[in-house]
Amino acid sequence: MAVTAATALALVGAAPATADRTPDTTTAHDDFTIVGHRGASGYRPEHTLASYELAARMGADFIEPDLVTTKDGVLVARHEPEIGGTTDVADHPEFADRKTTKSLDGVNVTGWFAEDFTLAELKTLRAKERIPDLRQQNTIYDGRYEVPTLQEVIDLAKRLSRELRREIGIYPETKHPTYFEKQGLALEPPLVRTLTRNGLNRPSAKVYVQSFEVTNLIELRRVLRVPLVQLTSASGAPFDFVAAGDPRTYADIVSPAGLRDVAKYAKGLGPEKSQIIPRDAAGFLTTPTTLVTDAHRAGLKVHPYTFRAENAFLPADFRSSAVPSQYGDLFAEIAAFRAAGIDGLFTDNPDVAVAQEQLAA
Ligand code: G3P
Ligand code: CA
C-alpha cells in the first residue's frame, strides 16, 4: 500500500518530523501488505504493545489486534476470550473463583474469560508466551506486559507512525462475535465508536476490519467506511451460520459464487494458507488451487494466514529438521505463496517477510 511520509503524517495528524529522524527505509513493499500477526509474536508474547511495536519497527505495514471485550465493554487485544493461556491469571488467588466452563462456539472451554473481568481487573494481569515449548526465548518477557486496549494499540500506531515517518495501519479482528453478542457484550458498537473517535472510520484510513463470521461483517458494512476482510478456515463453517442453521460452509464461501457474494460487503479475503497451496499427506506443498485467481476475479485482495518460521508450522518442503521449534526456510514458503499471487500475508515474523521482499526486488 503506497503511503508517502507526507501522506502518513497528514493521516495521523502528526507534527512535522524533526530533522534528526531519518526516513524509514525498511519497507520496500508498497504493493504488498505485511501484517504483523498478533504483533511480532515470533519474538514477544502475542498481543502486547511490545509485540506490536516490534512488528512496526521491523517494517510491518499493519499490526493486528484480535479483539475480545471486558465485562465493562472495553475492547482488549486477546486471541480468544479465555485468558489463562496468555496471562498469569492462574497465579492470582483473588480471581480463583472466576474459573469456569463456557460453551465457546459449541466447544466447552474451561478457564478464565475476559468478559468476566472489568478492565481495571484485567490490567492487574500480565501477559505470557502462549507456546513456550516452541518459543522458549519469548518466555523471558513473561510477566512484563499488560493486556492492551484497542485504544492503546491505536495510540501506539499513531506514535510510531510519527516516529517512523510512515503510517502504521491497524488490522483488528472481531473474535467470536456471536458468542459475545449472546452475552449482551457485542463487539461491534465499541469497535465502531473507537474507530470513529480516532478519526479512522473513513475509506482512506489505513485500517482493515476482519472476521471469521459473516453476519457481523455485513452489518458493519453499513456503518464502517474502512475495508472489510472475510476470514475463512480450511474446514467448518462460520459460527453465525451454524447458530442460525444456515448450512453454508467455508468451502461454499471460497467457491467462485461465494466469493462474488463476499465482494458485496468486503474488499479482501483472509484464507488459511492451505486453501491456496494445499499440502499432501506427508506435509509437502502441492499444486495451488484457483482461489487467488477466483478471488481476484471477484475483486478481492487475498491476505492468507499464518506465516511462521518454526518447523512446526512450515510445509515439509522447507523444514530444517525434525525439531519443531527450530527455524526452517520461511523465505522459501513466502516466495512460493507470492508466486501464487497473494497480495499480502499475516506473519509472526515480519522481519523475514520484509527481508524476503527486499531480497526478491
Ligand atoms: O486474522 C488472520 C488470522 O489471525 C486468523 O487466525 O486464529 O490467528 O486469529 P487467528
Ligand atoms: Ca487474527
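The model is predicted, so local features need pLDDT of at least 70 and side-chain atom pairs count only at pLDDT 80 or more, while totals for chains, interfaces and linings use all residues. Residues are numbered from 1 along each chain as its sequence is written, chains are lettered from A and ligands numbered from 1 in the order written, and side-chain values use heavy atoms, with hydrogens and water left out. Helices (H or I, at least four residues) and strands (E, at least two) are DSSP runs numbered from the N terminus.

**The calcium site**

- Three residues hold the calcium ion (ligand 2): Glu-64 (OE), Asp-66 (OD) and Glu-173 (OE) coordinate it at 2.1 to 2.3 Å.
- Donors here are N, O and S atoms within 2.8 Å of the metal (3.2 Å for Na, K and Ca), and water is not among the atoms, so sites may look incomplete.
- In sequence, the donor residues follow the spacing E-x1-D-x106-E.
- Glu-64 sits in strand E2 (residues 62–64) and Glu-173 in strand E8 (residues 173–174), so this pair ties together parts that are 109 residues apart in sequence.
- What is the arrangement of the 6 donor atoms around the calcium ion (ligand 2)? They subtend angles of 59 to 161°, which makes the arrangement irregular.
- As for the labels, four donors are tetrahedral if all angles lie between 85 and 135 degrees; four are square planar and six octahedral if opposite donors are over 155 degrees apart and all others between 65 and 115; anything else is irregular.
- Glu-64 is buried at 2% relative accessible area, and Glu-173 is buried too, at 3%.
- Buried means under 20% relative accessible area, exposed over 50%, and partly exposed in between (1.4 Å probe, protein chains only).

- Helix H2 (residues 49–58) is mostly covered, with 7 of its 10 residues buried.
- Those buried residues are Ala-50, Ser-51, Tyr-52, Leu-54, Ala-55, Ala-56 and Met-58.
- The cover over them includes strand E1 (33–37), E2, strand E4 (75–77), helix H4 (150–164) and H13.
- Contact, here and below, means heavy atoms within 4.5 Å.
- Thr-48, in the loop between E1 and H2, is buried with a relative accessible area of 0%.
- Setting aside neighbours within four places in sequence, Thr-48 is in contact with Arg-78, Ala-127, Tyr-145, Glu-146 and Pro-148.
- At the other end, H2 is followed by Gly-59, whose phi is positive, near 110°.

- The axes of helix H12 (residues 330–339) and helix H13 (residues 350–360) come within 10 Å and cross at roughly 65°.
- On the H12 side the contact uses Leu-330, Phe-331, Ile-334, Ala-335 and Arg-338, and on the H13 side Val-352, Ala-353, Ala-355, Gln-356, Glu-357 and Leu-359.
- By class, that contact has 8 nonpolar, 1 polar and 2 charged residues.
- Ala, Val, Leu, Ile, Met, Phe, Trp, Tyr, Cys and Pro count as nonpolar, Asp, Glu, Lys and Arg as charged, and the others, Gly among them, as polar.
- H6 (residues 188–197) and helix H7 (residues 215–223) have axes that come within 11 Å and cross at roughly 35°.
- Here Glu-188, Leu-191 and Val-192 of H6 meet Asn-216, Leu-220 and Val-223 of H7, which divide into 4 nonpolar, 1 polar and 1 charged.
- Axes are lines fitted to C-alpha atoms, for helices over the stretch in contact, and angles run from 0 to 180 degrees between N-to-C directions.

- Most residues other than glycine have a negative phi, and most peptide bonds are trans.
- Arg-165 is not a glycine, yet has a positive phi of about 60°; Arg-165 lies in the loop between H4 and strand E7 (169–170) and is partly exposed at 21% relative accessible area.
- His-176, in the loop between E8 and helix H5 (177–182), has a positive phi near 50°.
- A cis peptide bond joins Tyr-305 and Thr-306, with omega about -15°, and Thr-306 is in the loop between strand E12 (301–302) and H12.
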